[in-house]
Amino acid sequence: MSTEELNVNVNSCYFDASLGSLNEGYNEEQDVNVNIVSRKELKKDYIVGGVLDQEQKNNWRAWLYLAPVLILMSVFLIYPLINTIFISFMKNYNYAYGTFDGFTFDNFLVILGLKNVGDGGTKETRLIEYAIPNTFIIVFVTVPLSIFIALMISVLLNSIKWFQKALQIVFFLPYVTNAIAVGMVFSVIFDKQGLVNYIFNIDKAWIYGADRWTAMIPLCIYIVWNSLPFKILILLSGLQGVDKQYYQAAKIDSTPRWKVLTHITVPCLMPQILYLMVTSFIGAFKEYTSIVGLFGMQGTTNGSYNMYTIVYYIYDNMNGTTTSYAAAAAVFLFVIILIFTFLQLGLSKKRY
């Protein structure tokens with residue numbers, strides 16, 4: 001039988017009966033080696049797997065190291081989240097004075113167009129009519145498209161060794177460029193007298209004065225183009241970590257390239273693809289800067305809200321009288337993102 005080794009505290013009552021002796025060294029009766037690690041008296045025994053764990057007494061140091069991060073998270077994440085949830089249920093909340101007239105569920109009914117604003121007021125339809133549909137269009141069009149394009153570019157870059165670094169810099173430039181500035185460039189390109197109409201010799205309004213569905217085209221192109229650099233960086237780093245033996249075996253078997261992509265590359269990149277799917281869905285649900293950069297307002301014409309997103313609606317209602325509606329929309333968006341995130345994680349576990 002192999003000899004066990006135990007690190008114990010000399011004053012521990014737990015080991016008195018089991019060992020019979022607390023002398024350091026070999027104990028013949030129990031067939032163990034006893035090492036005395038401390039002679040300080042313990043106020044409380046820490047037992048892990050039948051052995052006293054002296055290091056657990058130093059847990060306060062770990063909490064001390066984590067304290068700055070925990071404080072920042074509490075101030076800038078946990079407290080605002082809890083406060084927003086409370087505000088979403090406040091009736092007639094005034095942002096300037098912090099006053100309200102009790103709690104109610106009506107704020108959610110109002111933003112969803114199920115109840116009139118105030119007593120005898122009109123219905124709020126902007127969220128249901130524009131913000132939610134536009135947000136879902138952006139999410140389900142730009143996220144899959146951007147991930148697919150980023151995957152194709154990453155595979156291509158991974159195969160071009162001699163020019164790879166230079167191309168990486170070119171593709172990464174949009175990531176470090178101001179989103180508003182890029183949006184303004186796109187607005188010039190898609191202007192009625194812009195580059196697109198000049199190249200194709202047409203006279204079409206894409207942004208200002210355009211209808212809602214036409215304006216979605218340059219908006220989605222801009223969002224996809226602006227989101228590619230980060231996705232390419234993640235996928236390219238994942239590609240460089242794939243075992244080259246898989247590709248060598250496929251080459252020996254004369255496997256077609258599309259089968260190599262679908263049976264080797266994509267499965268090996270599933271952790272990176274899942275990460276990009278979760279983060280991209282969250283980012284697309286929070287889309288706001290692209291609307292401001294491309295249109296400069298909430299619609300294609302003055303006074304129109306046809307390019308509203310949920311986050312744009314939240315920012316637009318952050319004032320003294322409608323803050324409760326903004327908070328309710330924020331909670332509504334939080335729940336949607338939470339559901340989609342858990343669905344993606346759950347489906348990925350079943351599939352892979």
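1. A pocket here is an open set of points on a 1 Å grid over the protein atoms alone where a 1.4 Å probe fits, with protein on both sides within 12 Å along at least five of seven lines; lining residues have an atom within 4 Å of a point. The volume is the space filled by probe spheres set on the points, which are joined across faces, edges and corners.

2. Please keep in mind that this is a predicted model, in which local features need pLDDT of at least 70 and side-chain atom pairs count only at pLDDT 80 or more, while totals for chains, interfaces and linings use all residues. Residues are numbered from 1 along each chain as its sequence is written, and side-chain values use heavy atoms, with hydrogens and water left out.

3. Which helices supply at least two residues each to the lining of the largest pocket? They are helix 2, helix 13 (310–316) and helix 14 (323–351). Helices are DSSP runs of H or I with at least four residues, strands are E runs of at least two, and both are numbered from the N terminus. By class, this lining has 20 nonpolar, 3 polar and 1 charged residues; nonpolar covers Ala, Val, Leu, Ile, Met, Phe, Trp, Tyr, Cys and Pro, charged covers Asp, Glu, Lys and Arg, and the others, Gly among them, are polar.

4. The second largest pocket has a volume of about 600 Å³. Its lining comprises 24 residues, with Asn226, Ser227, Lys231, Gly283 and Glu287 nearest the centre. Helix 8 gives the most to this lining, with 7 residues. The classes here are 11 nonpolar, 10 polar and 3 charged.

5. Now have a look at Ser88, which sits in helix 2 (residues 59–88). Ser88 counts as buried because its relative accessibility is 0%, where buried means under 20% relative accessible area with a 1.4 Å probe, protein chains only. A polar atom of the Ser88 side chain lies 2.5 Å from the backbone oxygen of Ile85. Leaving aside neighbours within four places in sequence, Ser88 is in contact (heavy atoms within 4.5 Å) with residues including Thr104, Asn107, Phe108 and Val331.

6. Of its 352 residues, 38% count as buried.

Key. Buried < 20%, exposed > 50% of the residue type's maximum accessible area, 1.4 Å probe, protein only. Polar contact = N/O pair within 3.5 Å; in protein donor to acceptor, adjacent residues only side chain to side chain.
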